[in-house]
Amino acid sequence: MPLSSEQFERLIHEHSPALYRVAFRMLGDRHLAEDVLQEAFRSVWTGRAKLDPERSERAWLASILRRRIIDRWRKKSDVKCVGDSETLDRASLDADPFGDELSAEMQLALDRLPVELKETLLLVVVGELTHREAAETLGVPLGTVLSRVNRARGRLREYLSARQPK
């Protein structure tokens, strides 16, 4: 049974903040994150009949968002390198609704991670998916997700501690 407009609005209200944070961290740019999130919700609306009531809503939404992010990466012409100082400066100058959670320092550390570690960590920590939901979204075994999250956290600790003044 397809989503009603009321159910769709509830999905947007409940899941947009976490999905936006994932998009921002994956793309490194506030405006691109907003655009990709809007594209993802447009895809949700057009594909609303595909919602599986047995599957987590957040996992379904995250998988759609992930596909839109990958599409955006493929259009390299309009995506700046995440480490690009102009992108980071603009993101840090804009009023940030999440405060220090989206600091440029954390973004730089995240950008050093391999894509598969970064993506897995962001789905679990920022996107608030369970490890099992992230495994389903990424199409990998649960153990792989657990290992990736652990390795990503360890590398982030290393990167951030190396940046701390001695």
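Biologist: Which residues do ring pairs link into a cluster with Phe8?

Modeller: Happy to start there, keeping in mind that this is a predicted model. The structure holds three aromatic pairs. Ring pairs join Phe8 into a cluster whose other members are Phe41 and Trp45.

Biologist: What is the arrangement of the Tyr20 and Phe24 pair: stacked, edge-to-face or tilted?

Modeller: The ring centres of Tyr20 and Phe24 lie 6.2 Å apart, and their planes meet at 35°. Planes under 30 degrees apart would count as stacked and those over 60 as edge-to-face. At 35°, the pair is therefore tilted.

Biologist: About how much of a helical turn separates Tyr20 and Phe24, and are they buried or exposed?

Modeller: Tyr20 and Phe24 both belong to helix 1 (residues 5-27) and are four residues apart, so about one helical turn separates them. In general, an α-helix has 3.6 residues a turn, so residues three or four places apart point the same way.

Biologist: How are helix 2 and helix 3 oriented to each other, and what is the handedness of their crossing?

Modeller: Helix 2 (residues 30-46) packs on helix 3 (residues 57-74) at an angle of about 125°, with axes 9 Å apart. The two helices are therefore oblique to each other. The residues making the contact include Leu32, Val36 and Phe41 of helix 2 and Trp60, Leu61 and Ile64 of helix 3. As helix 2 passes helix 3, the crossing is right-handed.

Biologist: How many of the 12 residues of helix 6 are buried?

Modeller: Among the buried residues of helix 6 are Leu117, Lys118, Glu119 and Thr120. Their cover includes helix 1, helix 3, helix 5 (104-111), helix 7 and helix 8. Helix 6 is largely enclosed by the rest of the structure because its buried residues number nine of the 12.

Biologist: What is the orientation of helix 7 and helix 8 to each other?

Modeller: Their axes come within 8 Å and cross at roughly 110°. Residues of helix 7 such as His131, Ala134 and Leu138 meet residues of helix 8 including Leu142, Val145 and Val149. Angles of 65 to 115 degrees fall in one class, and helix 7 and helix 8 are therefore roughly perpendicular.

Biologist: Which residues of helix 7 are buried, and what covers them?

Modeller: Within helix 7 (residues 131-138), the buried residues are Glu133, Ala134, Ala135, Thr137 and Leu138. What covers them includes helix 3, helix 6 (115-126) and helix 8 (142-163).

Biologist: How far is Val124 from Ala135 in space, C-alpha to C-alpha?

Modeller: Val124 is in helix 6 and is buried, with a relative accessible area of 11%. Beyond its neighbours within four places in sequence, Val124 contacts Leu129, His131, Ala134, Val145 and Val149. Although Val124 and Ala135 are 11 residues apart in sequence, their C-alpha separation in space is 9.7 Å.

Technical notes
Residues are numbered from 1 along each chain as its sequence is written. This is a predicted model: local features need pLDDT of at least 70, side-chain atom pairs count only at pLDDT 80 or more; totals for chains, interfaces and linings use all residues. Side-chain values use heavy atoms; hydrogens and water are left out. Rings of Phe, Tyr and Trp (its six-membered ring) pair if their centres lie within 6.5 Å; planes under 30 degrees apart count as stacked, over 60 as edge-to-face and the rest as tilted. Axes are lines fitted to C-alpha atoms, for helices over the stretch in contact, and angles run from 0 to 180 degrees between N-to-C directions. Angles under 35 degrees count as roughly parallel, over 145 as roughly antiparallel, 65 to 115 as roughly perpendicular and the rest as oblique. A crossing is left-handed if the near helix is turned anticlockwise from the far one by less than a right angle, and right-handed if clockwise. Contact means heavy atoms within 4.5 Å. Buried means under 20% relative accessible area, exposed over 50%, partly exposed in between (1.4 Å probe, protein chains only).
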